[in-house]
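I opened my notebook to go through a fold, its ring pairs, its core and its pocket. Here is what I looked up, in the order I looked.

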Amino acid sequence: MKELFIKLKTTVNSIDDGIYEMLVWDVWMPVVRRHICDLPSIRQCDEVINLLESWRPLLPYWLFDNIIEQIVLPLIQKEIEEWNPLTDTVPIHSWLHPWLPLLVDRSLEHLYDPIRHKLSNALTNWHPSDGSAKLILEPWKGVFSAGAMEAFLNINIVPS
């Protein structure tokens, strides 16, 4: 199907981009939307990420943006709300970080704030002799802004 859309896009580019965009919106988009929304969890992301990465060059910017803003981000946000770092056996970075290259053009502070809050709560009874904090926080180095990471560490890790 992808090959058909590539050929069609090449042909349509010479005629009218609007026809291609309408076709993708009316035919491709409902299938993709349903597929993403029918996932048991957005944590099972490899297949969807591969799909979006392979189709991204063929999609109008506004359509790709619609998928991310209207489907993916709300599902990620819901999963973050349900995530509990004290009981969840799957580290959040293992399923969230693979999404980051597709979300690169967006401010993700609305996702990172609750993560930092939950991590902070999880570290309430943490003791410096416990090395688990490094394992939990290290994947976020370079994801959280330098200032946000420094503030988080000063509040939650550095002894007062």
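**Helices.** I took helices (H or I, at least four residues) and strands (E, at least two) as DSSP runs, numbered from the N terminus. By that rule Glu81 falls in helix H4. The protein chain has 8 helices and 0 strands, and along the sequence I read α-α-α-α-α-α-α-α.

**Ground rules.** I am working with a predicted model, where local features need pLDDT of at least 70, side-chain atom pairs count only at pLDDT 80 or more, and totals for chains, interfaces and linings use all residues. Residues are numbered from 1 along each chain as its sequence is written, and side-chain values use heavy atoms, with hydrogens and water left out.

**Burial.** I called a residue buried under 20% relative accessible area, exposed over 50% and partly exposed in between (1.4 Å probe, protein chains only). Of the 160 residues of the protein chain, 36% count as buried. Glu81 counts as exposed because its relative accessibility is 56%. I also noted that Glu81 and Pro114 are 33 residues apart in sequence, with 7.5 Å between their C-alpha atoms.

Two further spots went into the notebook. Gly18 lies in helix H2 and has 37% relative accessibility, so I logged Gly18 as partly exposed. Its C-alpha atom is separated by 9.9 Å from that of Pro60, 42 residues apart along the chain. Asp105 sits in the loop between H5 and H6 and is exposed, at a relative accessible area of 55%. From Asp105 to Asp65 I count 40 residues in sequence and 9.9 Å in space, C-alpha to C-alpha.

**Aromatic pairs.** I describe a pair of aromatic rings by the distance of the centres and the angle of the planes. My cut-offs: rings of Phe, Tyr and Trp (its six-membered ring) pair if their centres lie within 6.5 Å, and planes under 30 degrees apart are stacked, over 60 edge-to-face and the rest tilted. How many aromatic pairs does a search of the whole structure find? I got 5 aromatic pairs.

Trp28 and Trp55 make a tilted pair, because their ring centres are 5.0 Å apart and their planes stand at 40 degrees. This pair links distant parts of the chain, with Trp28 in helix H2 (residues 17-37) and Trp55 in helix H3 (residues 46-55), 27 residues apart. Both Trp28 and Trp55 are buried.

Trp140 and Phe144 are stacked, because the centres lie 4.8 Å apart and the planes are at 15 degrees. Trp140 is buried at 1% relative accessibility, and Phe144 is buried at 3%. Ring pairs join Tyr112, Trp140 and Phe144 into a cluster.

**Charges over rings.** I counted a charge over a ring if NZ of Lys or CZ of Arg is within 6 Å of the ring centre and within 35 degrees of the ring normal. Arg116 lies over the face of Phe144, 4.8 Å from the ring centre. Arg33 does likewise over Trp25, at 5.7 Å.

**Core.** In soluble globular proteins, nonpolar side chains tend to be buried together. For a nonpolar core I used a set of buried Ala, Val, Leu, Ile, Met, Phe, Trp, Tyr and Cys residues joined through side-chain atoms within 4.5 Å. The largest nonpolar core has 45 residues, and those with the most contacts inside it include Trp28, Trp99 and Trp140. Elements giving two or more residues to this core include H2, H3, helix H4 (61-82) and helix H8 (146-156). Which element gives the largest share of this core? H4 does, with 9 residues.

**Pocket.** I used a 1 Å grid over the protein atoms alone, where a pocket is an open set of points that fit a 1.4 Å probe, with protein on both sides within 12 Å along at least five of seven lines, and lining residues have an atom within 4 Å of a point. The largest pocket is lined by 18 residues, and Pro85, Leu86, Leu119, Ala122 and Ile136 lie nearest its centre. H5, H6 and H7 each supply at least two residues of the lining, and the largest share, 3 residues, comes from H7.
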